[in-house]
Every structure is written in C-alpha cells, then in structure tokens.
Amino acid sequence: MANKKIVIVGGSYGGISTAHYLLKHALPHLPQDKDSYEIVLVSSSSQVLCRPACPRALISDEMFDQVKLFVDIARQFEHYPKDNFVFVHGSATGLDHENRTVSVKLATGGVEMVNYYAMVIATGASTTSPLLGLNNDANFLKSDWASFRAALPTAKTIVISGGGPAGIEVAGELGEYLNGQPGWFGGKSAPKVSITVYTSGSQILPLLRPSIAKHAEDLLSKLGVTVVKNTKVKSVEAVGGREVQVTSKVVLTLEDDKKVETDLYIPATGTKPNTNFIDSSLLAPDGRVNTNPSTLRVDKAGVRVYAIGDVSSAARPAVHLILEAIPVLCANIKRDLLLDSGAEASFVSGERVFKEDTRETQMVPIGKSKGVGAAMGYQLPSFLVWLIKGRDYWLWTTGGLWSGKQWAKET
C-alpha cells in the first residue's frame, strides 16, 4: 500500500487530466526506494461527460454517439500499474486541511477517510439546471433528460433564463429542433413553439463584443427565439404549488413583478462552485477556492495543496484555460514532490508560472450549422465556429483527453 497518496477530487477535465499527467510524467521520476506514491482519483460520477455538449444532447440520444458522450472513468486508467492508481466513486463531504484528510461518501454506502500527502481540488461547478451538467452521477442526468424529452412534444412555450453561452446554445438548439431552420433567404415563419430568453444584462454573451452578440441575437430570431434583455427572473413557482422539476409548468416572477407562465423552464444563469466540503477560510468571496493565480497552489491550505478548473479562482471558468493550466500545475506538483523527497534543488526544474489568457475567446453554436465567436481576440466566421465546436460540441477532442493520449508528451 502506498504511503504517500496524491488525492485528486473531481473526475472531469481538470481532475482526469491531472491524474494522467502525473502518472505519465511525475510518478516515474520520484524515488521509490523508501516511499511509494499513489494517485487517488475521487469522483461523484463513475462516468465523465463532455459537458459542453449538453445543450444539444438533452434533446435526444440520437444527437451524439452515447459511447463517446459518456465514458467510464476507471477504464481510462487500466493501462497504468495497479499500485499507482485507484479510482474512488464517491463525493467529498469534508476536507480537514489541518490534519490533511478528506472524507468521501461512497456511492456504495458508508464514508471513507483518506489521508493525503498532496491534494488537488478539481470538483468543478454545478449548473443551475440539472439538464446541463453532471451535478451528480450520470444516471441522474440521463433520467432528467428522459423526463424533459417526454414533455417536449406538448410544450408550446419555453423560457430560458441566462444570456451566457449555455442559455444561448440551449435556445438555438431547441429553436432549430422545434421550429426548423430558416429558409435560404433568411425568412422566417411563425414559430411552432414560443421560446424566450431572459437576461439581466444589456446584451447576451457578455464576454464577446456587442456586434458579435447582436449577430447571435439575429440568428436566434430566425429560429423563433425572442431575447429579452435587462430583465431578471426573480422567482419561480410550479403551477399547483409542487416542487419545481425539469418538466414543471411554472410561473416566473420578473424583476418588475410581471408574471409569466411557461410550459417548460430552463435556468442557465451560470454555475455554483462545488466547494461545500471545504472550510470557508480557503474560499474566495465568489465561493471558489482561493488559488494562487501563478502557481495554482492553495497557499492557505498548507503544503502540496492545489486547485484547478471551475472550482479555482485562478482563472475564469473555460475548458481551454483548464487545458492550458494542466502542464503548469503538474510541473509544480512534480517539483514539490521531488524537493520533498530530498532531491537537490539544482537538479529540479524551476517553478512554472500560469498566466491566464484574457483575450476575447468564446465560441457559441446557434443550432447545428451556425454560430458566433472569437478566438484570441479575432472574430470567427460562422463556418469556423461550426467546424471547431458546433458540429459536435468538442466531442472530437475528448477521446484523447479522457484516455490520456493528449498528455503523452510533457510540455
């Protein structure tokens, strides 16, 4: 049994990538004569999901190859030595950073206490709507999708709150699926289903320049989607007073106290960091883990504790920023482990520094063939947004990511 456990909490982009990178490029370089090291990957879901695909995937299983959309995590690590890796299916319920333990509620029942030598917090963030991410195990998401799909054919009105990428992508996918694509000359007929997006902002897609946001709004209009700006949904109540479900007919109360009734409602107003198991002294004001933006260490949590991804305050939530941070994070973990093992500092690579790329970068598909976006400050034509993201919502990239092939070389 390993006497030094490197515990990674979170089984998605950040957690899985960190585990592969350390298994390939850190553990083989650590002295094994007196110490043994083991990666312990903890995930509340046994499967990993290409979460950006949810706006289209929620409509039908026929939208994507389900074998590629949902991937078994443990199988992605079967090729590593068994002494170096263990997968734990469970949810972290408590982090004691002073005694360096984490409590895990196992999916099979019971609680396991894990002592860690190093810790990586990569628990991500939960979506407001259960339709748009793995807020629990994959079976819960699939069940919610099935319920939503059963209610969709009879819906005459749909409301989406939130003008960010998730809300706009959901509106575009539902608009095209329910109302059809516009004609060759951009004309539109009366929509079969009324779809409305409410956003509290003065424009949709606030990370993109106004002209790009306006183009997205025009594309949505052709799919029968109405955008209402500067309007916040204040409260939601299910008709009949029952608990609000993904299929509930609801009454929305807007900021001006206007009431709106709708057959289906999808909240897409951002995400909430999964940090309820972490002491508040380690959190930033926005609820994310207070992370050193240069080294990705959680300095207040003691030595060899790190955070990455949507749960970390080091950068804005974005998959491309997570992937840029992985080599920096893992290089610093490797450096810390080598120095702690007694290696001479002169023989250990220097500390790496992460710098968030703040240039305008975001791609937003609008249905299956259109989209808007920018990359590194340059506006992208609709065709490129489709080619890079819109055709399958990044599913073409995740195979190598989940299997670790993307991290074959140390960078």
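A disulfide is a pair of cysteine sulfur atoms within 2.5 Å. The close-up views below are taken from a predicted model.

View 1. With the 2.5 Å cut-off, the count of disulfides comes to zero. The cysteine sulfur closest to that of Cys 50 belongs to Cys 54, and the distance of 8.1 Å is too far for a bond. Seen from Cys 54, the closest cysteine sulfur is that of Cys 50, again 8.1 Å away and too far for a bond. Cys 50 is buried, at a relative accessible area of 0%. Cys 54 is buried as well, with a value of 1%.

View 2. The strands follow the order 7-6-5-2-1-8-18, and their pairing is mixed. The edges are formed by strand 7 (111-115) and strand 18 (305-307). Each of these two has a single partner strand, so one side of each has no neighbour in the sheet. On average, and with direction ignored, neighbouring strands of this sheet are turned by 35° against each other.

**View 3. Strand 2 beside strand 5.** Strand 2 covers residues 37-43 and strand 5 covers residues 85-96. The two pair in the parallel sense, over five bridges. Leu 41 stands opposite Phe 87 of strand 5.

**View 4. Helix 1 and helix 7 on strands of the sheet.** Helix 1 lies across strand 1 (4-9), strand 2, strand 5 and strand 8 (118-121). Its direction runs at about 165° to strand 2. Helix 7, residues 319-340, packs on the sheet and touches strand 1, strand 2, strand 8 and strand 18. The direction of helix 7 makes about 180° with that of strand 18.

**View 5. The crossing of helix 1 and helix 9.** Helix 1 spans residues 13-25 and helix 9 spans residues 395-403. Their axes come within 8 Å and cross at roughly 50°. The two helices are therefore oblique to each other. On the side of helix 1, the contact is made by Tyr 13, Ile 16, Ser 17 and His 20. Helix 9 contributes Thr 398, Leu 401, Trp 402 and Ser 403. Sorted by type, the residues of this contact are four nonpolar and four polar, with no charged residue.

Conventions:
Residues are numbered from 1 along each chain as its sequence is written. This is a predicted model: local features need pLDDT of at least 70, side-chain atom pairs count only at pLDDT 80 or more; totals for chains, interfaces and linings use all residues. Side-chain values use heavy atoms; hydrogens and water are left out. Axes are lines fitted to C-alpha atoms, for helices over the stretch in contact, and angles run from 0 to 180 degrees between N-to-C directions. Helices (H or I, at least four residues) and strands (E, at least two) are DSSP runs, numbered from the N terminus. Angles under 35 degrees count as roughly parallel, over 145 as roughly antiparallel, 65 to 115 as roughly perpendicular and the rest as oblique. Contact means heavy atoms within 4.5 Å. Ala, Val, Leu, Ile, Met, Phe, Trp, Tyr, Cys and Pro count as nonpolar, Asp, Glu, Lys and Arg as charged, and the others, Gly among them, as polar. Two strands pair if DSSP finds at least two bridges between them. Buried means under 20% relative accessible area, exposed over 50%, partly exposed in between (1.4 Å probe, protein chains only).
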